[in-house]
Amino acid sequence: MQAAEMVRELSVEQLTHFYRQMVLIRLFEEKTNEMYHKGRVSGYCHLYIGEEAVAVGALNALRPDDYVIGAYRDHGHAIVKGCDPKHVMAELFGKATGVSRGKGGSMHMFNRDLRFFGGDGIVAGELPIAVGLAFAIEYQKGDQIVLCFFGDGAVNEGGFHEAMNWAALWNLPVIFLCENNLWGMGTPVAKASCAIELTERACCYCMRLDRVDGMDVLAVHDVVGRTVKYCRDTRKPTFIEATTQRFVGHSVTDAQGYRSKEEISKAREHDPISRLHKLLVEQGIKQPAELDEIDTEAASTVDEAVRFAESSPFPEPQELRTDLWDGAEKDWR
């Protein structure tokens, strides 16, 4: 489906919402980078700059009661799933008002009420958990699905193959969404995978496969939307590869010495935010001034998130002894 056709399939409110969310993620991540280098954020921190279209397009195709789990590049996923940017920033600051009460940090955003089962600091560690969530849904006879985000590096891990096989063998309603940003840390996909198109790595698991331009929010929303319907109706797993590019290093301390300036500059030519901005203006859906106003509002939201995080308290020492698994919690929902 062409861009103009996809635009006609969506309302002005939806298109505006997509743009607003992508801009909010971009500005949030840029501010996070700034705060990290000022010493306000510590630990590992991986930014989502350039990949915003995948989270926005995919998560807006779900129902609120569907389950989501991701990897360590998770700030954008948390925000789109419904986490308040103030609480996401507070988590980065290690504050008690954070989404994980300041104990998870950048890689472990978590909100049970929103059915966002977090980021995961272990490469491919989230895939078996996603399968477990899907099994629980089927056991409870629900009609929700699970959307599992992971990076291209995960396809070389045993957890990826175990999870794919298990989901296919037991017909579980999970969508495996690979955010292929072409680099596993500093190693290009071509030097780490025998197949450049990662859908080929999943073809032996007897599930529906798809590939989408992850720099196009409308294409992602279209493909994931159709996949969500298939997964919900059939209760079978699927695999989607979204080809995307991060504009920054693997983490905030990565200077990207392995990438040329020309490559990074070329990647920015496909900026998903600029693409949607241009489309909205060309189609007469929004005026540039209206989009500028959205940019300003998003910047204000991010600034407020920083003020909130700075004024929030750190967790009390006794928090070290809370949220430890003892087998007593039974209600997984």
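The axes of helix H3 (residues 52–59) and helix H9 (residues 217–234) come within 7 Å and cross at roughly 40°. This is a predicted model: local features need pLDDT of at least 70, side-chain atom pairs count only at pLDDT 80 or more, and totals for chains, interfaces and linings use all residues. Residues are numbered from 1 along each chain as its sequence is written, and side-chain values use heavy atoms, with hydrogens and water left out.

Helices (H or I, at least four residues) and strands (E, at least two) are DSSP runs, numbered from the N terminus. Axes are lines fitted to C-alpha atoms, for helices over the stretch in contact, and angles run from 0 to 180 degrees between N-to-C directions.

**Helix pairs**

H3 and H9 are therefore oblique to each other. Angles under 35 degrees count as roughly parallel, over 145 as roughly antiparallel, 65 to 115 as roughly perpendicular and the rest as oblique. H3 passes H9 in a right-handed crossing; that is, the near helix is turned clockwise from the far one by less than a right angle. Ala53, Val54, Val56, Gly57 and Ala58 of H3 meet Val217, Val220, His221 and Val224 of H9. Contact here means heavy atoms within 4.5 Å. By class, this contact has 7 nonpolar, 2 polar and no charged residues. Ala, Val, Leu, Ile, Met, Phe, Trp, Tyr, Cys and Pro count as nonpolar, Asp, Glu, Lys and Arg as charged, and the others, Gly among them, as polar.

Helix H2 takes part in two further pairs, tabulated here.

| Pair | Angle | Axis separation |
|---|---|---|
| H2 (residues 12–37) and H11 (residues 272–282) | about 150° | 10 Å |
| H2 and H3 | about 140° | 9 Å |

H2 and H11 are therefore roughly antiparallel to each other. Their crossing is left-handed. From H2, the contact uses Leu15, Phe18, Tyr19, Met22, Val23 and Arg26; from H11, Pro272, Ile273, Leu276, His277 and Leu280. These residues divide into 9 nonpolar, 1 polar and 1 charged.

H2 and H3 are oblique to each other, and their crossing is right-handed. Phe18, Gln21, Met22, Ile25 and Arg26 of H2 touch Glu52, Ala53 and Val56 of H3.

About 370 Å³ of space lies in the second largest pocket. A pocket is an open set of points, on a 1 Å grid over the protein atoms alone, where a 1.4 Å probe fits, with protein on both sides within 12 Å along at least five of seven lines; lining residues have an atom within 4 Å of a point. The volume is the space filled by probe spheres set on the points, which are joined across faces, edges and corners.

The lining has 27 residues; Tyr72, Gly151, Asp152, Gly153 and Gly184 lie nearest the centre. Strands E2 (146–151), E4 (183–184) and E5 (187–188) each supply at least two lining residues. By class, the lining has 13 nonpolar, 9 polar and 5 charged residues.

**Thr243**

Thr243 lies in strand E7 (residues 238–243). Leaving aside neighbours within four places in sequence, Thr243 is in contact with Asn180, Arg211, Val212, Asp213, Gly214 and Met215.
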